[in-house]
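Hi there,

Here's the structure I promised to pass on.

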Amino acid sequence: MNGRTVRDLRRANRTAVLQRLYFDGPLSRFELGPVTGLSSGSVSNVVADLVADGLLEEAGSVDSDGGRPRTLLRVAPGSGHMIGVDVGETRVRVELFDLTLTELARAERPLTQRSYDVEAIVGHIRDGIAEVLAGTGTGTEPEALLGVGIGVPGIVAHTPRSGAVVHGQTIGWDAVPLEALLRTGSPLPGSVRYFIDNGAKTLGQAEMWFGGGRGARSAVVVLFGSGVGACLVTPEVEHGRAVEWGHLTVRVRGRRCRCGALGCLEAYAGAESLLERWREAGGRPPEGADEETALTAMLAAAHPAEGAEADPVALAVLEETAEYLGAGLSDLINLFQPERIIVGGWAGLQLGARFLPAVRRHATAYALRYPAEKVTVDLGRLGPDAVTVGAAILPLADFFARGGRRPEPTPEGPAPAWRTALEERAPR
């Protein structure tokens, strides 16, 4: 006996049917049997349960060989909602999605002068959640919301007392109990769960489910923005693991990184340091512009319209950055031997359109020949919103793992651990 109960088996069967319809639907009951490995009787029972729960709906029919037309089934988009949040370098973005990840509403709060004040960020998230819910009329009904996924910079520790705690050294966050802070004064009922993880991991989730990583057994998804991070996905780490790739040392006693160490990859390849190096070399980023606007200007200076003279300083800094990125990717190739490397993040998408061939060339030159011959390096396919989409996938994946059932509300009892933790942190 493997210890599985009848309830476990039913949940696994519901998960198998839901996921297959989600990714490959619409499908008929007849088609679901072979692709899920379930008997026709099990498929009929599971489908009946899911239809009764409002999770599946009919999506037309197809002719069968000599028999009656077969009804097609699909996941019902309106049967659940998720919120995805990206705590990014220039803004906090909050999006509301239906069950098929169609965006229903969006709210954005700009971060002025790279302000990562904890209370300000918490306020932006709370306000954004309230705004997207009010904007669609979904209200705060717990049965309509599967959860809130949040991608943040830094290492996220999941603790029994305080929930998700963020160690964001590069943004000045030292053991910030983000989940506990969000629950205080939250616009959501206490039964709604928060799923908080590193932004590179949420990007990886999105690209592996719907983008450039789909179908790969092993991949590294790179988040290249103001800073640099990555998500590793292997058969052993199916849902991905964030790795602090940006803080590998690429130059002994090199430039000081914003984490405080010397010579980190992020100190040479992150968008913030890239613009600083351009400025130090005599370049002129637009005054008062945010990083995205400044990087666009740098690329335009290095590769101007036909007939205009290129800025040799901007071009030299960008070409050097491509080599640093390639060298950094070679470390990922040698360490993990992935099938694919996918470059995402707003800066990665901007730079990759022009410099990806150079990055590939440098990665191959610095890496061991055997794993380098087996890896492909491409841009992400989901655009700059991929972190938010991936954040929304966190509650969706949990929902699927539960067989399409929401966690049961916990009865009122002693003060929750996160509240106790907050009281302990309160000034005396």
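Phenylalanine 210 counts as partly exposed, because its relative accessibility is 32% (buried is under 20% relative accessible area, exposed over 50% and partly exposed in between, with a 1.4 Å probe and protein chains only). Phenylalanine 23 is partly exposed too, at 24%.

Before you go on: this is a predicted model, so local features need pLDDT of at least 70 and side-chain atom pairs count only at pLDDT 80 or more, while totals for chains, interfaces and linings use all residues. Residues are numbered from 1 along each chain as its sequence is written, and side-chain values use heavy atoms, leaving out hydrogens and water.

Now the rings. There are 10 aromatic pairs in the structure (Phe, Tyr or Trp rings, the six-membered one for Trp, with centres within 6.5 Å; planes under 30 degrees apart are stacked, over 60 edge-to-face, the rest tilted). Tyrosine 22 and tryptophan 209 are edge-to-face, because their planes are at 70°, with the centres 6.5 Å apart. Tyrosine 22 sits in helix α1 (residues 6-24) and tryptophan 209 in helix α6 (residues 199-210), so this pair ties together parts 187 residues apart in sequence (helices are DSSP runs of H or I, at least four residues, numbered from the N terminus). Both tyrosine 22 and tryptophan 209 are buried.

Phenylalanine 23 and phenylalanine 210 make a tilted pair, 6.1 Å centre to centre with 40° between the planes. One aromatic cluster takes in Tyr22, Phe23, Trp209, Phe210, Phe399 and Phe400.

Cheers!

Key. Helix = DSSP H or I, 4+ residues; strand = E, 2+ residues; numbered from the N terminus.
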